[in-house]
Amino acid sequence: MAKNDVISVENNITKKDFRKVFWRSFTLLGSFNYEKMEGLAYLYCIEHILKKIYKDDEEGLKQAMLRESAAFNMTIAPAPFVMGISIAMEENVKRDPNFDPASINAIKVSLMGPLSGIGDTFFWGIFRILACSLSIGFAKAGNPIAPFILLILFNIPTFLTRYYGLKIGYTSGNQLLIDLEKSGKMQLFTYCAGILGVAAIGCMIASWVTVSCPLEFTISGNKIVIQEYLDQIMPKLLPLAATLGIYSAIKKNIKITKIISAIVVIGFVLGVFGIIAL
């Protein structure tokens with residue numbers, strides 16, 4: 001094997017391994033589920049590299065695979081950038097016993113929101129619209145190359161972002177981690193990343209979880225709307241309570257099927273009696 005094919009001499013990670021991550025990244029939505037979303041496919045993308053990093057540490061490999069299969073959800077194109085960072089951080093975990101493994105998922109969570117926002121804007125809001133508009137022109141003219149125009153114009157930026165994002169995430173991410181370790185700011189960075197990640201989850205709860213209380217009463221001619229009082233206590237209080245309740249059930253290792261069944265039953269009963277609305 002040529003020396004220039006080796007990316008990490010320490011763990012014998014090669015360009016072939018990175019190409020494998022690149023191609024596997026196209027399966028990121030292949031095992032999407034409501035518990036870990038893209039988490040299992042994320043692990044599949046970098047599993048072969050984790051086995052090289054922890055080749056002599058079975059327990060370390062188990063912990064790494066558990067970390068990298070945690071809940072993850074992001075626009076597909078920039079996801080390999082995060083994978084590159086994960087690989088670099090896993091190498092640091094193996095190399096430095098003082099390195100905090102929890103920082104890996106903290107950084108992954110903190111990047112999900114910002115990179116998804118950028119990815120959705122460019123790939124779904126710009127590149128897709130541009131590719132469709134140009135291909136429609138060819139299609140209206142009866143030109144058979146119309147679908148190829150769509151596929152080429154949309155996928156070229158997607159392929160480039162995946163391929164170079166993986167490399168940049170690994171090289172720049174690794175150097176960033178080294179600089180943070182030397183300056184002693186890694187703990188602060190991890191703490192801030194965790195705060196950003198929690199804030200992103202809070203925004204997702206407020207945007208996506210819709211639970212309200214439609215109950216109304218009339219007392220002495222005054223109309224009392226329960227939801228208005230709940231909003232005065234805390235806006236989106238019921239969505240937050242519902243999310244925390246589900247999270248608590250997951251932490252207690254209650255099966256997802258039981259949690260979903262409970263949500264359906266409770267939601268149906270409370271909805272029939274008009275106590276909550278979705």
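These are my notes, in the order I looked things up.

**Entry 1: what I am looking at.** The model is predicted, so I keep in mind that local features were taken only where pLDDT is at least 70.

**Entry 2: nonpolar surface.** I looked for greasy side chains on the outside and found a patch made of F138, I145, F148, I152, I156, L160, Y164 and I168. Together they show about 760 Å² of accessible area. Which helix gives the largest share of the patch? I found that helix α6, residues 146-183, supplies 6 residues. I then picked out F148, which lies in helix α6. Is F148 buried or exposed? F148 has a relative accessible area of 52%, so I put it down as exposed, the cut-off being over 50%.

**Entry 3: positive phi.** Next I went through the backbone for residues other than glycine with a positive phi. I noted M37, with a phi of about 55 degrees. M37 sits in the loop between α1 (15-24) and α2 (39-53). I also noted N253, where phi is near 65 degrees. N253 belongs to the loop between α9 (237-251) and α10 (256-272). The side of N253 open to solvent was my next check: its relative accessibility is 69%, so it counts as exposed.

**Entry 4: salt bridges.** How many salt bridges does the structure hold? I have 8 on the list, and I looked at some of them one by one.

I started with E47 and K51, whose closest N and O atoms are 3.3 Å apart. Both residues lie in helix α2, 4 residues apart, which is about one turn of the helix. K51 has a relative accessible area of 43%, so I logged it as partly exposed.

Then I turned to E90 and R67, where the side chains meet at 2.7 Å, N to O. This pair links distant parts of the chain: E90 is in helix α4 (residues 79-95) and R67 is in helix α3 (residues 58-68), 23 residues apart. Are E90 and R67 buried or exposed? I have both down as buried, the cut-off being under 20% relative accessible area.

My last pair was E216 with K223, a salt bridge with its closest N and O atoms 3.3 Å apart. E216 is at 44% relative accessibility, so it counts as partly exposed. K223 is at 57%, so I wrote it down as exposed.

Note on methods
Residues numbered from 1 in each chain as written. Predicted model: local features only at pLDDT ≥ 70, side-chain atom pairs only at ≥ 80, totals over all residues. Heavy atoms only, no water. Patch = residues over 30% accessible without salt bridge, like charges linked within 9 Å, V, L, I, M, F, W, Y side chains within 5 Å. Areas by Shrake-Rupley, 256 points an atom, 1.4 Å probe, with all protein chains shown as cover. Salt bridge = Lys/Arg side-chain N within 4 Å of Asp/Glu carboxyl O. Helix = DSSP H or I, 4+ residues; strand = E, 2+ residues; numbered from the N terminus. Buried < 20%, exposed > 50% of the residue type's maximum accessible area, 1.4 Å probe, protein only.
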